[in-house]
Amino acid sequence: MKHLIPIHVFFLFFMFTTSSIALARSLYDQTLPVIINPKLQRICDQTDNPVECLITTVPFLREKAAINHVSILKIKVEAVDIKTKEALDKASKLLLYSSNSEPATFCFNVCINNYKSILESKHRILDAILLGDDKQLRVELSSNVDKIYHCEDAFEEANIKSPITKVNSLLGKMISNSLTITIDMVHF
């Protein structure tokens, strides 16, 4: 009877993982290949959001790309840049439609300014990667995570349901994963 427990645990894990991947696919509109590179899997497994890590990294991998913490971090920076531009575009369009609501206008402006700031940090992050400056990487990425939370906080404080929660949630997870990869990078 003892041998049934590991099988049962495996079955539950498989069901959870499968549903998580399906959810993440719907969030990012990407599919994962059947076989994930074990090095990428190990790197993403060390993050707080491994499914999102895979979903937002795999589309940017080239066939013969080196897979290590630095190369994956660079890919994450590009993925965050693209998703931030999407968020900026969405928030800007929503701002146009909210011009009659001062609280909503304020919230969208907070988000737009924070998205622009995240986009501006890209070059500082890439320079820090190039220089191996993990302290600067942590400062920039931590600041960017805070900017996403400030955006959502603006809506919460105004008692307005944020229409950009999904994109902010994914962006926060992507940046948080980048931060974890940065911290892990120091140990390798």
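Predicted model: local features only at pLDDT ≥ 70, side-chain atom pairs only at ≥ 80, totals over all residues.

Trainee: Which residues lie nearest the centre of the second largest pocket?

Mentor: Its lining has 12 residues, and Asn-37, Leu-61, Arg-62, Glu-63 and Ile-67 are the ones nearest the centre. By class, that lining splits into 8 nonpolar, 1 polar and 3 charged residues.

Trainee: What makes a space a cavity instead of a pocket?

Mentor: A 1.4 Å probe fits in a cavity but cannot get out, whereas a pocket is open. Here the count is 1 cavity of 30 Å³ or more, and the largest cavity has about 90 Å³ of space.

Trainee: Which residues line the largest cavity?

Mentor: Among them are Val-77, Asp-81, Ile-118, Lys-122, Leu-141 and Ser-178. Helices α4 (69-97), α5 and α6 each give two or more residues to that lining. The largest share, 5 residues, comes from α5. Sorted by class, the lining has 6 nonpolar, 4 polar and 2 charged residues.

Trainee: Let's stay with α5, then. Why is α5 called roughly antiparallel to α6?

Mentor: Look at the angle: the axes of α5 (residues 102-131) and α6 (residues 134-157) cross at roughly 170° and come within 9 Å. Angles over 145 degrees count as roughly antiparallel, so α5 gets that label relative to α6. As for who takes part, the contact of α5 with α6 has 15 nonpolar, 6 polar and 3 charged residues.

Trainee: Now single residues. Why is Ala-87 called buried?

Mentor: Ala-87 sits in helix α4. Its relative accessibility is 0%, and buried means under 20%, so Ala-87 counts as buried. Leaving out neighbours within four places in sequence, Ala-87 is in contact with Tyr-115, Val-167 and Leu-171.

Trainee: And what makes Asn-168 buried?

Mentor: Asn-168 has 2% relative accessibility, which is under 20%, so Asn-168 counts as buried. You'll find Asn-168 in helix α7 (residues 165-186). Setting aside residues up to four places away in sequence, Asn-168 touches Tyr-115, Ile-148, Cys-151 and Glu-152.

Trainee: How far apart are Ala-87 and Asn-168 in sequence and in space?

Mentor: They're 81 residues apart in sequence, but their C-alpha atoms are 7.6 Å apart in space.

Trainee: What about Asn-159: why does Asn-159 count as buried or exposed?

Mentor: Its relative accessibility is 71%, and exposed means over 50%, so Asn-159 counts as exposed. Asn-159 lies in the loop between α6 and α7. Its phi is near 55°, a positive value in a residue other than glycine.

Trainee: Zooming out, how many helices and strands does the chain have?

Mentor: It comes to 7 helices and 0 strands. Of its 188 residues, 43% count as buried.

Trainee: And what share of the contacts with a separation of 6 or more comes from residues 24 or more positions apart?

Mentor: That share is 69%.

How values were computed. Residues numbered from 1 in each chain as written. Heavy atoms only, no water. Axes fitted to C-alpha atoms, helices over the stretch in contact; angles between N-to-C directions. Helix = DSSP H or I, 4+ residues; strand = E, 2+ residues; numbered from the N terminus. Parallel < 35°, antiparallel > 145°, perpendicular 65-115°, else oblique. Nonpolar A, V, L, I, M, F, W, Y, C, P; charged D, E, K, R; others polar. 1 Å grid on protein atoms, 1.4 Å probe; cavity = no way out; pocket = protein on both sides within 12 Å on 5 of 7 lines; lining within 4 Å. Points joined across faces, edges and corners; volume = space filled by probe spheres on them. Buried < 20%, exposed > 50% of the residue type's maximum accessible area, 1.4 Å probe, protein only. Contact = heavy atoms within 4.5 Å.
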